Amino acid sequence: MQKKAQRIGYNVMIYGFVIVMGFVFVFPLLKMISMGFMTSDDLVNPLVNWIPYSFSTENYERAVRVMGYWKTLGTTIFVSVTPALLQTFTCSLVGYGFARYKFKGQNILFALVLATFIIPSQITMIPQYLMYKDLNLLGSVNAYLLPAIFGQGFKSSIFILIFYNFYKQMPVSLIEAAEVDGGTQMNVFFNIAIPIAKPGFLISFLLSTVWYWNETYLGSLYFQGKIKTLPIQLQAFVESFNKLVASEGASGVTANEAAQMAGTFLVIVPLLILYAFTQKWFVEGIDKSGITGE
Amino acid sequence: MDKKKLTKSARDSIRGWMFVSVWVIGFLIFTIYPIFRTIKMSFDSVIISANGLITEFVGFLNYQNAFLSDVTFTKALIQYIGQIVLEVPIAVVFSLLIAMVLSKDIKGKGLMRTVFFLPVIIISGPVMEKFTDMGLMAIQGTQDSSLIDSIIMMLPETLGTLLSTLIDSFVMILWFCGVQILLLLSALQKMDKPMYEAAHIDGASAWESFWLITLPNLRTMIVICIVYTIVTISTFDTNPVISMIQENMFSITSGMGYASAQAWVYFFTLLLVIGFFMLIYGPKKANLYGNSKAVKQQMKEYEKVIRDQKREQRKLKRTAGKEE
């Protein structure tokens, strides 16, 4: 009897904790969606907490215009997918080099790769900025692409580590067999290594895309306002909102909470859609990547 | 065929370097060179003019200014240290709690994993700013509490601001945990189940086996999570110190030299913070539970119990096989 009561108590505790934590995690998102549909009357009405009296899509419609949504969305996808592709490819090569071969200076080099994770971009961004200025790369996506090609993109050490762990799991006998059969190193890499590391490619590409998407600190520095991604547009939301309202001649409309939440929702909704389709790879990829230290 | 003359290790060396050479070149151009240039610039006064950069050596003046004249910078730096020292333990403890609960056989585990990782996908500076502005990142029910307000008023200014940021951005701390939860979860799932069973047979409570088995075994992973959390929070866009550095880059009065000095001060602070955490909970340090002799003895006994159990099982199997 007592044991049963204990188990019930235990279950209540565990599930209670998970449910409370889960709610805390999604609360801001739910609130954001609900607020986005509110009119300015609903916002001040103390009776309206979650469900607005009249569902108004006006906020979303206006936010689409404020941010030039569809064009900006296209830009954002381009600016995050291309560097992510390049970064993934380079990191896969580098990770392979570390995992497959033993060479002089390997340990020091690998330690340096990991150390770059700790170096904040503030240390390197000023000379990089000047460098891109001299090369006329400012204001173009090339300021992202160039470092990505050379394995110095955002958090590239994580991706090198992921690939390293995947390639470490390669069966050596398979490679040796291929070499005996006269396969070149490139053959081995493309025909044996890459297929084995497929989940690594996927997780790296996805994470990299998402991180490039969300980056605004370096983005606003290197793009100089010439390329506007969705998060950068969100930064200037209130300002552009007021401008738009003035040009449309709609008086009395302000960038209230509802309008801002609608804008925020529009910025993250593409990521939510991406996550809805790929969450399994994200979650399992991290598990499989073996960063968990073997 | 010259190739054949090379030994296998020499060949491997060349091939290895070929694969990593891209990174090495990039590292020299985009990291090493900028690092040295930032060092040099931090001792210069650098001003952008129509004719390019005008640099002038000023010695330690930039550093002096950062600590002695620029009140906002030192204040932001202290705020940042306080924030990290407070937030990192919270983030790691919550990550561990969530990971441990998810490692149990509970229903809806997959869904919850998805939920806890979700913030990693959407977290960005402007989005967080909007959420914090709307009070959505605060601990609910505390926003207008007069009790908390009066506590904040009573504390010294730095501590007060610290507490109010903590309350206002508590959910944000949790949102930084997505990766850590998954890392800890997969480390937990790779842990030795028989060890727990043996401990259980010996009468260890769940509480004891947490301290004696789980925590020592997770140590490396927790250290990784601590570093990851520190770096994530430090490089996040809403960090006031880093936005200050960017602002100063283009300021006419301070310029890039001053910004470089600030960047270095900031980097050293970051290293100090990491060092501080490693002192308290670093890898391989003799720890109260993990390395004490009594525990090692206990572990050996557990291992023996496990061996005995396995032997017993094999015996049973053999006899069962004979009977068939």
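## Interface and cavities of chains A and B

In this predicted model, 86 residues of chain B are in contact with 90 residues of chain A. Between them the two chains bury about 8000 Å², and carbon and sulfur atoms give 78% of that area. On the side of chain B, the residues that lose the most area to chain A are Phe19(B), Trp23(B) and Phe30(B), which together make up 12% of what that side buries.

Helix H1 (residues 8-41) of chain B supplies the largest share of the side that touches chain A, with 23 residues. By class, the residues on this side of chain B are 61 nonpolar, 16 polar and 9 charged. The count of salt bridges between chain B and chain A is 0. Polar contacts do occur across the interface of chain B and chain A, where 16 residue pairs are found with both residues at pLDDT 80 or more.

A search of the whole structure finds 2 cavities of 30 Å³ or more. The table sets out their volumes and the classes of their lining residues.

| Cavity | Volume | Lining by class |
|---|---|---|
| Largest | about 890 Å³ | 25 nonpolar, 18 polar and 3 charged residues |

The largest cavity is lined by 46 residues. Those nearest its centre are Ser121(A), Phe154(A), Lys155(A), Glu215(A) and Thr235(B), so named from both chain A and chain B. Among the elements of the lining, helix H6 (residues 121-134) of chain A gives the most to the largest cavity, with 6 residues.

The second largest cavity is lined by Val283(A) and Asp287(A) from chain A, and by Arg113(B), Leu182(B), Leu185(B), Ser186(B) and Gln189(B) from chain B. Two or more residues of this lining come from each of helix H15 (257-288) of chain A and helix H9 (178-189) of chain B. H9(B) gives the most to the lining of the second largest cavity, with 4 residues.

Taken together, the side of chain B that touches chain A has 61 nonpolar residues, and carbon and sulfur atoms give 78% of the area buried between the chains.

How values were computed. Residues are numbered from 1 along each chain as its sequence is written. Chains are lettered from A and ligands numbered from 1 in the order in which they are written. This is a predicted model: local features need pLDDT of at least 70, side-chain atom pairs count only at pLDDT 80 or more; totals for chains, interfaces and linings use all residues. Side-chain values use heavy atoms; hydrogens and water are left out. Contact means heavy atoms within 4.5 Å. Buried area is the accessible area (1.4 Å probe) that two parts lose on being put together, summed over both. A salt bridge is a side-chain nitrogen of Lys or Arg within 4 Å of a carboxyl oxygen of Asp or Glu. A polar contact is a pair of N or O atoms within 3.5 Å; within protein, one must be able to donate a hydrogen and the other to accept it, and residues adjacent in sequence count only if both atoms are side-chain atoms. Ala, Val, Leu, Ile, Met, Phe, Trp, Tyr, Cys and Pro count as nonpolar, Asp, Glu, Lys and Arg as charged, and the others, Gly among them, as polar. On a 1 Å grid over the protein atoms alone, a cavity is a set of points where a 1.4 Å probe fits but cannot get out, and a pocket is an open set with protein on both sides within 12 Å along at least five of seven lines; lining residues have an atom within 4 Å of a point. Grid points are joined across faces, edges and corners, and a volume is the space filled by probe spheres set on the points.
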